[in-house]
Amino acid sequence: MSAVRIYEVSPRDGLQNESEIVGASDKVGLVERLVNAGVQDIEVTSFVRPSWIPQLSDASEVMARLPQTEGVRFWALVPNRRGLERAIESGVTHIATFMSASETHNKKNVNRTRAESLAALRDVVDVAKDEGLGIRSYISTVFGCPYEGHVPAEQTVALAHELLACGADEIALGDTTGMADPRMVQTVLQALTDSGVPTDRLGMHMHDTRGTGLANALAGYEFGIRTFDGSVAGVGGCPYAPGAAGNAASDDLVNMFESMGIDTGIDIEALADAGVFLATVLGRELPGRYHKYHLGAHRRVASRTA
């Protein structure tokens, strides 16, 4: 069966929603554990204005302290031209942009209409291309909006074509508040591929608000998608999407795919260790499942050998 790529978002999307600010040393410690587990794509931070998301105000420091490992791509989210300039100054080689399929969510998230966001992103992507950066473009609220409800697939199709025409290498389809179901996933993917967007230019960024994150990922795999975003131990959410829970847990995704004989290239036990580390740093239980099973197994072994 075809291998999959897990794109890890916990250092950025996971930690941006935490009430307490995690220090740079712990963020780097998390990234080091993810790298040791074999994760090759990690979204480590965001170069947004610090007053917007203070949890990620140490972006430049984190970038400077990352382990340099061959074959590992570190990504940073950039909101605008100034954010891109800061990212380039910090040595970023892969960036992610973002906008919403829903007009209302886009205004709540970045205080711009979709048309205004597209115009700004064209400028960002042009500069990033000139710098030789890899570019990933998120489309949020693809499968439903907390303000508008249903989002027609045609809106996502139009934005995907605009972003690819701008120069994006990959489109990440965001289920921002976890409103998708497997049939909806396949309906949206069908609309995209019918319009000429190839599956190898698409990734899926699913949240697990209603417990359907893994089912939706499997529906995407069966359709032909091979890139899936995950956040270790299921940490995360969106500060501008009421009700959003964490992303599909990357350790749960890896466990599902590997159990099915689908290669991820990731050591599931080492990845679960990263989840346990993050839960310890945050001082609370996280919603993902596999890292709890992993932790419980270690506790059972410790009790037998004590």
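## N111, out in the open

N111 is exposed, with a relative accessible area of 69%; exposed means over 50%, buried means under 20%, and partly exposed is in between (1.4 Å probe, protein chains only). You'll find N111 in the loop between α5 (103-110) and α6. Helices here are DSSP runs of H or I with at least four residues, strands are runs of E with at least two, and both are numbered from the N terminus. The phi of N111 is positive, near 60°, and this residue is not a glycine. For background, most residues other than glycine have a negative phi.

A word on what you're looking at: this is a predicted model, where local features need pLDDT of at least 70 and side-chain atom pairs count only at pLDDT 80 or more, while totals for chains, interfaces and linings use all residues. Residues are numbered from 1 along each chain as its sequence is written, and side-chain values use heavy atoms, with hydrogens and water left out.

## A233, tucked away

A233 also has a positive phi, about 65°, although it is not a glycine. Its place is the loop between β8 and α10 (250-259). Is A233 buried or exposed? At 0% relative accessibility, A233 counts as buried.

So what surrounds A233? Leaving aside neighbours within four places in sequence, A233 is in contact (heavy atoms within 4.5 Å) with A249, D251, G275, L286, P287, G288 and H291.

## Strands side by side

Take strand β8 (residues 227-230) next: T227 and D229 point one way, F228 and G230 point the other way, and all are buried. β8 pairs with strand β1 (residues 5-8) in the parallel sense, over four bridges; strands count as paired if DSSP finds at least two bridges between them. One spot to look at is R5, whose bridge partner in β8 is T227.

β1 also pairs with β2, again in the parallel sense, over two bridges. Here Y7 has D41 of β2 as its bridge partner. Strand β2 (residues 41-46) is mostly covered, with six of its six residues buried. Moving on, β2 and strand β3 (residues 73-77) run parallel and are joined by five bridges, and E43 stands opposite W75 in β3.

## Helix α4 and its hidden face

In helix α4 (residues 81-89), the buried residues are G83, L84, R86 and A87. Seen down the axis of α4, these fall within an arc of 160°, so they line one face of the helix; the arc is that of the directions from the helix axis to the C-beta atoms. As a general point, an α-helix has 3.6 residues a turn, so residues three or four places apart point the same way.

What do the buried residues of α4 pack against? They pack against β4 (94-100) and α6 (114-130). At the start of α4, a side-chain oxygen of N80 reaches to within 3.3 Å of the backbone nitrogen of R82. After α4 comes G91, with a positive phi near 90°.

## H94 in strand β4

H94 is found in strand β4 and counts as buried, at 18% relative accessibility. Not counting residues up to four places away in sequence, H94 touches R73, F74, W75, A76 and G134.

## The nonpolar cores

A nonpolar core is a set of buried Ala, Val, Leu, Ile, Met, Phe, Trp, Tyr and Cys residues joined through side-chain atoms within 4.5 Å. The largest one has 87 residues, and the members that touch the most others are I42, I95, I171 and F228. Helix α11 (residues 268-282) gives the most to this core, with nine residues. A second, separate core of nine residues includes L77, V110, Y138 and A172.

## Cysteines

How many disulfides are there? The count comes to zero, where a disulfide is a pair of cysteine sulfur atoms within 2.5 Å.

Notes
A polar contact is a pair of N or O atoms within 3.5 Å; within protein, one must be able to donate a hydrogen and the other to accept it, and residues adjacent in sequence count only if both atoms are side-chain atoms.
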